[in-house]
Amino acid sequence: MTFSEYALDLSPFISFGKSEHEYFTELVGNFIQDAAMDSCKLLKRKPDTKYRYIKGDRMIQSKDAQYLYDHRDKSKFSNWIWERMDESDSYDNVVTWLDNHSIASDDPSTTCADILESIVLNIINSTPTTQAAQEAEINLRLIDEIQQKIKSLSRPANVPVPKIATQDEQIYIDELCLAYGEAEGMDSFSVDNLCSFPDYSDDLEDRRIDFYAAETIRRGVLELKGSSLTGQFDVLKDETYNGVKDTARRTHPNGYERMLAVMEQAVITPVTNYILSASPYWISGKIKKGVCHHLVNDGKLTWIRRRKKQ
């Protein structure tokens, strides 16, 4: 039996409905001597860490278990258990729990103290290999839990494409115009020329839609709760750039062809370090193409080759 299994099984009878971290504090605090409580590192852990000890998402380390064992007070613990059983009228429930585990007992409170002592000893005596395997299993469960939560994220608030391009779009639109001009052999090309080139006009419209698909993600990430997610758009940009930069560096007939090749590569580029990619609402080919235009704004990508000034 693990510490988590023990704590969760007895929780209905002795936790009195307290939160997991409060329950952990009482469980451990009543197992050790009063004089040892101030120096007990386990009792000083953050509430989230205590929660994970109870839920089994985190292992109590051998050195912490050794402290509990060296300063255990089983009489104090059994008295606490007895008081809880009496106050919650759960004596029979605890006896039934022990019977279900084939544990004979004349005094369930003393037996519960013995079981916890045995669990602490098992932690102390467990080999590093065993602990590593258990921690690896816990990590896999945590990863799966995170992925499931990400998959359940709601769709970010859509940022509409304005009819007139904003100042934030000027850099990538200017670069697109240079690409269009190079493809047509024109020294100068601007949005004013688009009326004569309907294909490029349609292309620019598509690129703006892509840009705002990525902008929706950029703003959505900032609105997510949890500081660990606020940098995810930068992660997405880095992943995308690393996936397309070689394509951008290759020789192409003109800047327009370079842009098209980069867009094709962006769609198939994996972005595994971008953890929100587990949600279909937070990643798509359109979003990744839009990220490329953000990279143009950042100066990381260009469609036209330029010679450095001597």
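Contact here means heavy atoms within 4.5 Å. By that criterion, among contacts in the chain between residues at least 6 apart in sequence, 72% join residues at least 24 apart. The model is predicted: local features need pLDDT of at least 70, side-chain atom pairs count only at pLDDT 80 or more, and totals for chains, interfaces and linings use all residues. Residues are numbered from 1 along each chain as its sequence is written, and side-chain values use heavy atoms, with hydrogens and water left out.

The chain holds 13 helices and zero strands. Helices (H or I, at least four residues) and strands (E, at least two) are DSSP runs, numbered from the N terminus. Of the 310 residues in the chain, 42% are buried. Buried means under 20% relative accessible area, exposed over 50%, and partly exposed in between, with a 1.4 Å probe and protein chains only.

Helix 2 spans residues 20-29, and its buried residues are Tyr23, Phe24, Glu26, Leu27, Val28 and Gly29. These buried residues pack against helix 1 (3-14), helix 3 (47-55), helix 4 (62-70) and helix 5 (74-88).

Helix 7 covers residues 108-125. The expected span of a helix is 1.5 Å times one less than its number of residues. Buried residues of helix 7 include Pro108, Cys112, Ile115, Ile119 and Ile123. Glu117 is also among them.

Helix 13 passes the same kind of check. Its 13 residues (285-297) should span 18 Å, and the end C-alpha atoms are 19 Å apart, which agrees. Ile287, Lys288, Gly290, Val291, Cys292, His293, His294, Leu295 and Val296 are buried in helix 13. Their cover includes helix 9 (170-184), helix 10 (198-223), helix 11 (232-249) and helix 12 (255-268). Glycine 299 follows helix 13, with a positive phi near 85 degrees.

Two packed helices are described by the angle between their axes and the distance between the axes. The axes of helix 12 and helix 13 come within 8 Å and cross at roughly 130 degrees. Axes are lines fitted to C-alpha atoms, for helices over the stretch in contact, and angles run from 0 to 180 degrees between N-to-C directions. Helix 12 and helix 13 are therefore oblique to each other. Angles under 35 degrees count as roughly parallel, over 145 as roughly antiparallel, 65 to 115 as roughly perpendicular and the rest as oblique. The crossing is right-handed; a crossing is left-handed if the near helix is turned anticlockwise from the far one by less than a right angle, and right-handed if clockwise. Helix 12 contributes Val262, Met263, Ala266, Val267 and Ile268 to the contact, and helix 13 contributes Gly285, Lys288, Lys289, Cys292 and His293. By class, this contact has six nonpolar, two polar and two charged residues. Ala, Val, Leu, Ile, Met, Phe, Trp, Tyr, Cys and Pro count as nonpolar, Asp, Glu, Lys and Arg as charged, and the others, Gly among them, as polar.

Helix 12 also holds alanine 261, and threonine 247 lies in helix 11. Alanine 261 counts as buried at 19% relative accessibility. Threonine 247 is buried, with a relative accessible area of 6%. Leaving aside neighbours within four places in sequence, threonine 247 is in contact with His252, Ala261, Val262 and Gln265. On the same terms, alanine 261 is in contact with Thr247 and His252.

Serine 190 sits in the loop between helix 9 and helix 10. Serine 190 counts as partly exposed, at 28% relative accessibility. Aspartate 174 is 16 residues from serine 190 in sequence and 7.4 Å from it in space, C-alpha to C-alpha.
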